[in-house]
Each structure stands twice: as C-alpha cells, then as structure tokens.
Amino acid sequence: MDAGVHELTRWSAARLGHALAAREVSAAEVTTAHLERIAAVDDRVHAFLCVDAEGALAAAETVDAARARGDQLPLLAGVPVAVKDVLAQTGLPTTCGSRILRGWVPPYDATVVRRLRAAGMVLLGKTNMDEFAMGSSTEHSAYGPTHNPWDLDRIPGGSGGGSAAAVASWSAPLAIGTDTGGSIRQPAAVTGTVGVKPTYGAVSRYGLVALASSLDQAGPCARTVADAALLHAVIAGHDRLDSTSIDAPVPDVVAAARRGAEADLRGVRVGLVRELDGDGYAPGVRTRFTEAVEVLAGLGAEVVEVSCPHFPYALAAYYLILPSEASSNLARFDGMRFGLRDGDDGTHSAEEVMARSRAAGFGPEAKRRIMLGTYALSTGYYDAYYGQAQKVRTLVAADFAAAFAQVDVVVSPTTPTTAFRLGEKVDDPMAMYLSDIATIPANLAGIAAMSLPAGRAEEDGLPVGVQLMAPAMADDRLYRVGAALEAALVARWGHLLIEEAPAL
Amino acid sequence: MSTTDTSEELLAYDEATERYDPVLGLEVHVELSTATKMFCGCPTVFGAEPNTQVCPTCLGLPGSLPVVNAVAVESAIRIGLALNCSIASWCRFARKNYFYPDMPKDYQVSQYDEPIATDGWIDVPATMDGQAHTVRVPIERAHLEEDTGKSLHVGGVTGRIHGAAYSLVDYNRAGIPLVEIVTRPIEGAGRWAPEFARAYVATLRDLVAGLGVSDVRMEQGSLRADVNLSLRPYGQQALGIRSETKNVNSLRSVERAVRYEVRRQAARLERGQRVVQETRHFHEDTGVTTPGRSKEQAEDYRYFPEPDLVPLAPDPAWVERLRAGLPEPPATRRARLAAAWGISTLEMDAVVHAGAVDLVEQTVAAGATPVAARRWWLGELARRANESGVGLAELGITPGQVARVVALVESASLPDSLARQVVAGVLDGEGEPEQVVVARGLSVVSDAVELTRVVDEALAQAPDVVAKIRAGKVAAAGAIVGAVMKSTAGRADAARVRELVLQRCAGAS
Ligand SMILES: [Zn+2]
C-alpha cells in the first residue's frame with residue numbers, strides 16, 4: 001500500500017485547478033493531502049529541506065475564503081507547488097543546499113515566488129538541491145541527498161533532484177526548478193517527469209541565487225506537459241528587476257500544449273542532432289529515444305538529421321564559463337553580512353574570518369568550481385580559457401541557428417544514462433559532469449528546452465527522458481510537440497509513465 | 001626594506017625638480033548626485049544614519065540583481081562629452097573581483113576594457129613662473145562604477161584596520177554611482193607639477209559642477225583624487241615607476257601629496273634605490289604619504305563582463321542631444337567674462353579660485369559694475385564667508401542684494417564706510433539693504449541745515465582748533481571733521497563736512 005496517498009495527490013495540476021475553481025474540493029483539502037503525503041514519504045525521499053505546513057494551509061484558506069466570496073481567481077489558485085531552495089522566499093530559510101547559508105531567511109521574495117503567490121498558489125516548502133546548484137545527483141547537498149522515488153538507492157538527478165522527486169513522489173503536483181546546465185531536465189528524465197528550461201530571459205532571475213548568471217533559468221517541473229505549461233505561464237514574463245529579462249510577450253504555451261494534445265504534427269519539422277547520439281548513450285536510452293522519434297514521425301512530423309559540429313566542445317566551454325561566473329557570484333558568501341561566520345572570536349582579522357567561513361561553509365564541489373573559475377579568469381589565462389569558451393558559446397549558438405533554419409525543434413536523449421546509484425559518481429567529477437552533455441548546449445545558446453518521459457530502459461526498468469529544443473522565445477513549440485508525443489505515448493502505455501513507479 | 005617605515009628621507013624640492021622630471025597621472029572619482037543609487041532604488045542622501053539607505057541589491061544579498069540607473073548613464077555621457085571624449089556606441093560593465101568587507105558582493109561593478117567615454121581632453125589654466133598658461137591635459141577614459149561601503153575601524157591608534165579592535169561598515173554609500181576620470185600621463189609641468197595637479201583637479205571640479213551632475217564636495221568625498229606620480233631624468237622618454245596616492249581629499253592636499261612624492265621618490269633615486277610601484281595613503285595632518293598595498297604582489301582583479309547586466313548602447317541621436325545641451329565650457333566662459341569685465345587672466349583666476357564666477361556674473365547682471373562686484377565678493381564677503389566657514393553662495397546674501405548695496409554707495413546716498421554695516425545687516429537677517437539702512441539709521445545726513453548745525457556745534461566745542469584754522473592751519477580741520485563724523489555715527493559725507501568747516505570758519509572771521 002502506497003503510504004499517505006490521497007487520491008487528490010494523484011490529480012494533475014490542471015484537474016486540481018478546475019476542481020478548485022468549481023469548488024468541488026477546497027484548497028485546504030488539497031494542501032492537507034499533499035502535506036500528509038510529504039509526512040508519509042519524505043523521510044525516505046528527502047525531496048524537501050523545509051516544509052511550511054502552516055504557511056501552506058494559511059495560503060490555502062485564503063484562497064478558499066476568496067472563492068467562497070465569489071472572487072474569480074487564476075486557474076492554479078489553491079494548487080500546491082514546491083520551490084527549489086535556490087529561490088528567495090520570505091518567511092523560510094533559503095539555504096541553496098549549502099552549510100554557508102544555513103538558517104538564512106531572505107527579507108524579500110524572488111520574482112518567481114512573488115508570481116506564484118500572486119497566482120494564489122500554495123507554497124509547500126523548499127526542495128533539496130546540490131549545493132548552489134552544482135551537481136547532477138543532489139548528493140552535493142550539505143543536508144544529505146534526495147532519493148529517486150523509482151529506486152531509493154538511486155539519484156534523482158541534480159541539481160534540482162528535490163523538485164523532481166517531490167513531483168515524482170506525488171508530494172507536489174508542481175515544482176519550480178532552475179536549470180544552468182540541465183538541472184531541471186536531467187532530474188525530470190531520471191524521475192519520469194516533465195521539466196522545462198524556458199528561454200534564457202523568459203523567467204526573471206530576481207531572487208534566484210546565482211550560480212552562473214548567464215546560464216541560470218528557472219522553470220516548471222510537473223508530471224504532464226500541460227501542467228508544465230500552466231506553471232510556465234504563471235512564472236514567465238518581463239521583470240524590470242532583472243536586466244536580462246526579455247521584454248516581449250510570453251508565447252502562449254498553454255494553448256500550444258492544448259493544440260499538441262490533438263496529436264497531429266503534420267507540417268512540423270524535427271531535427272535529430274547527429275552529435276547527440278552514439279556510444280556515450282546507454283542502450284536502453286537509445287532504444288527509447290529511437291522509438292520516440294518514430295512516434296513523432298508517426299504523428300506526421302518530418303524528421304531530418306541536423307549537424308551541430310561544435311557541440312563536442314560545449315561541455316568543456318561550459319565548465320569554464322560556469323565556474324568563472326560562479327567564482328564571482330559565490331564571493332559574497334564571506335561571513336560578513338549573512339550566513340555562516342567562522343573564527344569571529346576577536347583573534348582573527350576580517351580577512352581570516354572570511355577565509356575560515358568559506359572554508360567551513362562550502363562543500364568540495366563548490367570549492368572545486370570556485371578554484372577552477374578563479375584560475376580561468378586570472379590574468380594570463382583569461383583569453384585561453386574564459387575567452388575561448390565564449391567563442392565556443394557563440395559557435396554553439398550558431399549551430400542551433402543553422403539547425404533551426406531547417407527544423408522547428410531538435411531532439412535528443414536528455415541524459416546518457418538512467419538514474420545511477422547514489423555514491424556511484426560522487427567522487428568522479430568528470431563522470432558526473434558527463435550527465436549533462438546533452439542538456440548543456442541549450443543553456444550555452446539561451447534557447448528553450450524540455451525533457452519528457454520516453455519510457456523505461458529495458459536493462460534497469462528506469463525512466464528515460466527525451467529532450468526537445470526550440471529557438472529562443474519559441475517555447476510554445478516545445479509544448480506543442482511535447483504534448484503530442486506525450487499523448488501518443490500515454491495512449492500506448494495506458495497511463496502516465498510515473499504511474500509505473502513503485503509504491504513508497 | 002620595511003613597508004611600515006613611514007619616516008622616509010626626502011630631498012629638497014628644488015633639488016629634486018632640478019634633477020628629475022615629474023610625470024603626473026590623475027584618477028578622479030566623481031560621485032554623481034543622482035537621486036538613487038547606480039543599480040537600485042535606494043536614496044543617496046549624504047550623512048544619513050548608517051545602513052538606512054540599503055536594500056537587497058546594494059547589500060549584495062543572495063539572489064539580488066542590479067538594474068542600471070539611466071540618469072547615471074546620462075551624467076557619465078555628459079561628463080564624457082564635456083571632456084571631449086568619444087562616447088562608446090556599445091559597452092559593457094565588468095566585475096572587478098576582490099574581497100573586502102565594505103564591498104557587499106566582494107566584487108565591484110565597474111567598467112574595464114569598454115569604458116563609456118574615451119580619448120578626450122580638458123584645457124587647464126595654470127600659472128607657472130608667474131605666467132598664465134593653458135595646458136591641454138589628455139583624458140584616457142571616463143567610466144561608470146559603483147561606490148563601496150565605508151569602513152570605520154574602532155579602537156586602533158591610526159583609524160586604519162591594522163590594530164583596530166573592531167570595525168563597523170556603513171553600506172549607505174555602497175552602490176552610489178561614480179564616474180572615474182583618468183588622465184593619460186601629464187608631462188611637462190616640471191617644478192610646477194604640484195600646482196598643476198591642483199589646477200587640473202580644480203578645473204575638472206568646475207567643469208563637473210557646471211554640468212550639475214555632482215556636488216563635487218571634496219570634503220564630503222563626492223570628488224576624490226588618486227594622484228599618480230613618477231620621476232625620470234630630464235630628457236628620458238620612458239616613464240619611471242609610479243606611486244599611486246589614494247583618496248586625496250582637498251585641492252591643497254593634491255598639491256602637497258605631489259610635492260611630497262616628488263621629494264620622497266627623488267631621495268630614493270638619489271640613493272640608488274628603486275621606487276616601488278605601490279598604493280600610498282596621504283595624511284592630511286602630517287602631509288606625508290605612507291605605503292599601502294604593494295602593486296608588485298598585485299591583486300588580480302579577474303575582470304570579466306558583468307553577466308547580470310545587458311550592454312549599454314546609447315542611441316547616437318540621444319548622445320547628440322546631450323552634446324547640444326552642454327553648458328558653455330568653463331574655460332570659454334572664463335575667457336568671455338574676463339574680456340567683458342576687462343580683467344586679466346590672473347585676476348580672473350582669483351575669481352575662479354574664490355568660487356565667485358557665478359556670483360560676480362549675477363551681480364553684474366543686476367546692475368553693479370564688474371569692479372565693484374568683484375571687490376565685494378572677493379573682499380568683504382569672502383572674509384565673512386571664511387570667518388563663518390561657509391561657501392560664498394551659502395553666505396546669505398544674493399547677487400541682487402550686493403548690486404543694490406553697490407548702487408546705494410554709487411549714488412552717494414550711502415558712504416562706503418557704512419556699506420559694510422548694511423551688508424552685515426543683510427547677513428544678520430535684517431532684511432533687504434534699504435530696510436537695513438532705515439532700521440539702523442544709516443542714511444547720510446544730507447540736510448544742509450542739519451549738517452551746518454552739527455558742524456557749528458563741533459566748532460563751538462573747540463575754539464582752539466577754530467583759532468588754528470583761522471591762523472591758516474587748514475589741516476587742523478581734520479579734528480573737527482572727525483568730531484562731526486563721530487557725532488553723526490559716520491552718517492555724514494566727510495568731504496562735505498570738511499567744506500562746511502572751512503566755510504564756517506572763514507565766514508565767521
Ligand atoms: Zn539599494
């Protein structure tokens with residue numbers, strides 16, 4: 001018997017939204033159902049770093065009261081959502097999975113959080129993550145790893161393993177993730193859920209604790225493409241507090257998902273990226289991916305091969321740009337104004353207190369990347385490392401531009417493998433970095449990308465993700481093609497893939 | 001060699017400049033007087049309670065982001081244009097990375113290899129060897145950046161971090177927009193380098209003040225100068241190794257810091273020692289510079305383009321509108337006014353130095369003669385301002401009022417000696433000049449009958465003097481004039497009184 005499962009936790013966000021609007025269920029009931037599920041399973045999954053039962057119930061009651069008065073509320077009002085612990089939210093600690101921020105309560109809301117509140121959504125709590133979003137397994141959290149609901153001995157992906165696991169374990173219908181090199185998509189792939197990295201600049205970064213400013217992007221985690229679209233529509237849009245935010249209308253992703261569900265892709269051109277295929281991908285991953293492409297063709301899409309010749313350099317460029325920006329972004333964690341302070345006993349200088357606080361507060365992966373970035377930006381190395389990496393970045397963007405001149409979306413497997421075992425790669429940074437080989441190009445180019453379930457690999461029975469990529473500000477294409485693929489696969493399976501996950 | 005050694009040997013200044021050619025470089029930070037900070041909406045009021053003008057962005061809290069203040073960009077472009085610079089059509093901010101507690105993010109958002117303004121010049125009037133010169137100083141760049149917070153080190157002897165028991169940081173200043181203006185090496189000032197450095201900073205200050213983009217108050221730190229100085233043997237092309245003296249906070253200190261560095265560096269070179277490339281601090285009290293951080297084990301700032309901001313790309317049409325709206329350059333204006341007032345360049349420099357250009361101009365516009373206007377503002381009023389430690393403009397008398405005092409004097413209804421009392425009355429808040437004249441009873445005794453009566457009274461009191469005058473000792477009349485002036489409290493016209501005294505003595509004989 002699956003622990004703490006209330007029927008309401010099995011509902012999609014869309015269904016919950018409609019039922020709430022029709023007052024068939026109350027937000028308090030929906031919220032209580034999810035809090036009970038969390039209480040029942042999260043000691044094993046550890047998707048959450050902090051659960052705000054009181055705040056969630058209060059928000060739910062506010063929504064119920066408003067609906068009782070007859071107020072017209074947004075569709076997702078009263079629907080619970082979990083937020084990755086990298087977004088500032090007043091009233092709760094924001095730790096970024098790091099010791100250095102233990103107990104820090106931000107005095108302000110991230111724009112994404114503000115938009116969730118404005119939509120009347122119920123914020124359940126903050127989800128676990130690799131420290132400062134550095135990692136692909138959530139094992140680099142200072143507060144212990146998150147476990148994959150499909151197999152608790154396996155990783156849920158990272159850095160947003162907490163958000164994906166919350167959705168996959170039926171603890172939340174929706175979650176917010178952030179994606180710097182795959183941190184929404186890779187966890188979605190290995191947990192059998194849907195994750196979207198919107199176009200860079202489509203969702204405000206204000207209040208998102210920066211890992212790599214030029215790559216970071218918040219986005220939706222869900223169990224269906226349609227649900228992801230609903231959450232995407234809530235959080236996307238121009239924000240004058242983020243200078244890199246795009247001042248243009250948000251593509252109608254909800255309509256695109258609805259249209260996609262009609263499962264007709266005639267006239268849509270799909271590109272297979274030659275460079276994102278081959279020996280590096282596990283057999284089960286390749287099989288499911290090939291099938292997914294066949295399904296797309298079966299829906300009427302025209303499938304062609306495209307070449308992105310600079311993709312093989314993307315990972316190396318990414319691991320110069322990211323640490324460079326991170327080394328600077330993480331400088332402010334110095335024990336002077338907030339967070340952990342070590343050595344403040346009157347015998348150490350400010351400089352020593354800074355060094356000690358950082359030594360004590362950051363974990364090994366954060367230190368590794370800070371050192372890499374500091375080195376890459378140093379005089380005499382800048383041109384060879386950071387400068388060259390920026391050139392590769394430009395070339396990767398040019399590859400995408402050339403591909404999108406031929407096709408509407410490009411597709412690839414999301415990850416080379418299914419979920420690996422906890423501890424398997426934690427001491428092998430290069431192996432860990434390779435988890436993001438297929439997701440990184442989209443971040444470098446700032447385009448939109450989605451991962452959705454493609455089935456389970458024969459060899460281990462674990463979920464496989466397929467990745468769709470679309471040009472900047474054409475996020476709606478992901479939703480149309482993704483919803484069509486999802487509809488065809490669900491028709492074949494008879495249910496969502498996540499329904500096949502074992503009981504907890 | 002100890003870096004804590006502060007008692008350095010010095011060479012006599014004249015000797016130093018006979019042997020070595022000083023080369024100057026000046027980096028001036030101008031704090032812009034925008035209503036809000038460079039990257040957030042916090043106010044910029046000077047002197048507020050510590051840490052009351054802060055927000056997540058200027059405190060560098062996790063997740064906060066900067067948004068560029070458009071007014072600051074406009075001010076920087078106007079400064080660039082006034083300095084005859086090219087304005088970049090596209091440029092980026094950069095992060096300058098270094099750890100310091102008063103820098104909230106542990107990096108400063110600045111501009112590095114893509115400054116907003118480059119390659120300009122400014123004409124600096126300077127007096128050298130008693131001659132008025134105008135020297136064109138090449139400007140390398142002017143760029144935008146954010147200020148840091150302010151540290152207060154408590155419990156030490158020096159007020160510096162070394163030896164302090166604890167430190168306090170005020171982040172009110174963190175994020176205030178700065179424009180940093182950097183010269184190319186300034187050669188050829190020779191022994192006048194200290195005076196020239198001062199003249200440059202003063203000229204730049206006036207130029208920026210004329211644009212209305214900064215308070216340019218050195219004592220409040222809204223204009224701060226870093227003085228770079230190197231020496232080389234005369235005739236040598238290559239520049240010597242320079243020292244960078246930071247945060248020199250008055251015009252006088254600029255001059256003193258240069259003079260000190262010339263003497264210090266010359267002494268080292270004379271002893272066959274190297275000049276160390278380093279940052280130095282100037283001490284107002286002793287006039288000495290002491291070493292700060294050595295640049296030879298230099299901090300690597302790891303500059304890279306600020307990814308949280310999009311590039312600045314000022315519309316060329318906008319830049320042209322800003323150019324068209326620039327005020328007359330101070331040098332042009334000074335030349336025009338000097339010609340109009342019929343004064344020499346040196347005399348004009350005195351007006352500039354006193355900060356009285358606008359005031360004299362407005363006083364003349366209100367009807368005073370240039371001579372009288374200058375005499376008042378540079379004389380009595382400058383003295384009063386100096387006494388009360390305020391600027392001329394804050395003294396409490398308007399150019400219009402000064403012009404009216406001048407008019408009263410020139411129409412002979414107010415003796416010169418009383419005019420100062422009228423001014424004092426205006427400064428004491430007793431109203432307009434005419435009201436002060438009436439209230440203090442300062443009008444001239446012009447009634448002939450009344451004046452004759454007073455003179456007769458004085459004559460009657462001094463028969464011995466009358467006798468002397470009648471005996472032909474006309475000079476003795478002075479005593480009677482004095483008595484009359486005293487009895488009228490100075491309200492009589494002394495020349496007229498003297499005439500009357502002689503008349504009455506002659507008439508009575
Ligand atoms: Zn602020």
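Colleague: Which residues are the protein donors of the zinc ion?

Modeller: They are B:C40, B:C42, B:C55 and B:C58, each through its SG atom, lying 2.3 to 2.4 Å from the zinc ion. Donors are N, O and S atoms within 2.8 Å of the metal (3.2 Å for Na, K and Ca), and water is not among the atoms, so sites may look incomplete. This is a predicted model, in which local features need pLDDT of at least 70 and side-chain atom pairs count only at pLDDT 80 or more, while totals for chains, interfaces and linings use all residues. Residues are numbered from 1 along each chain as its sequence is written, chains are lettered from A and ligands numbered from 1 in the order in which they are written, and side-chain values use heavy atoms, without hydrogens and water.

Colleague: Why is the site of the zinc ion called tetrahedral?

Modeller: Four donors count as tetrahedral if all angles lie between 85 and 135 degrees. The angles among the 4 donor atoms here are 100 to 115°, so the site is tetrahedral.

Colleague: What makes B:E306 and B:R95 a salt bridge?

Modeller: A salt bridge is a side-chain nitrogen of Lys or Arg within 4 Å of a carboxyl oxygen of Asp or Glu. The side chains of B:E306 and B:R95 meet at 2.8 Å, N to O, so the pair qualifies. B:E306 lies in the loop between β14 (304-305) and α5 (316-324) of chain B, and B:R95 in strand β3 (residues 94-97) of chain B, so the pair ties together parts that are 211 residues apart in sequence. Helices (H or I, at least four residues) and strands (E, at least two) are DSSP runs, numbered from the N terminus.

Colleague: How do you know that B:E306 is buried?

Modeller: Buried means under 20% relative accessible area, exposed over 50%, partly exposed in between (1.4 Å probe, protein chains only). B:E306 has a relative accessible area of 4%, so the residue is buried. B:R95 is buried too, with 0%.

Colleague: Why do β2(A) and β3(A) count as paired?

Modeller: Two strands pair if DSSP finds at least two bridges between them. Strand β2 (residues 80-84) of chain A and strand β3 (residues 122-127) of chain A have 5 bridges, in the parallel sense, so they pair. In β3(A), A:K126 is the bridge partner of A:V83.

Colleague: How many bridges link β2(A) with strand β4 (residues 174-178) of chain A?

Modeller: There are 2 bridges, again in the parallel sense, so this pair also counts. In β4(A), A:A175 stands opposite A:A82.

Conventions. Four donors count as tetrahedral if all angles lie between 85 and 135 degrees; four count as square planar and six as octahedral if opposite donors are over 155 degrees apart and all others between 65 and 115; anything else is irregular.
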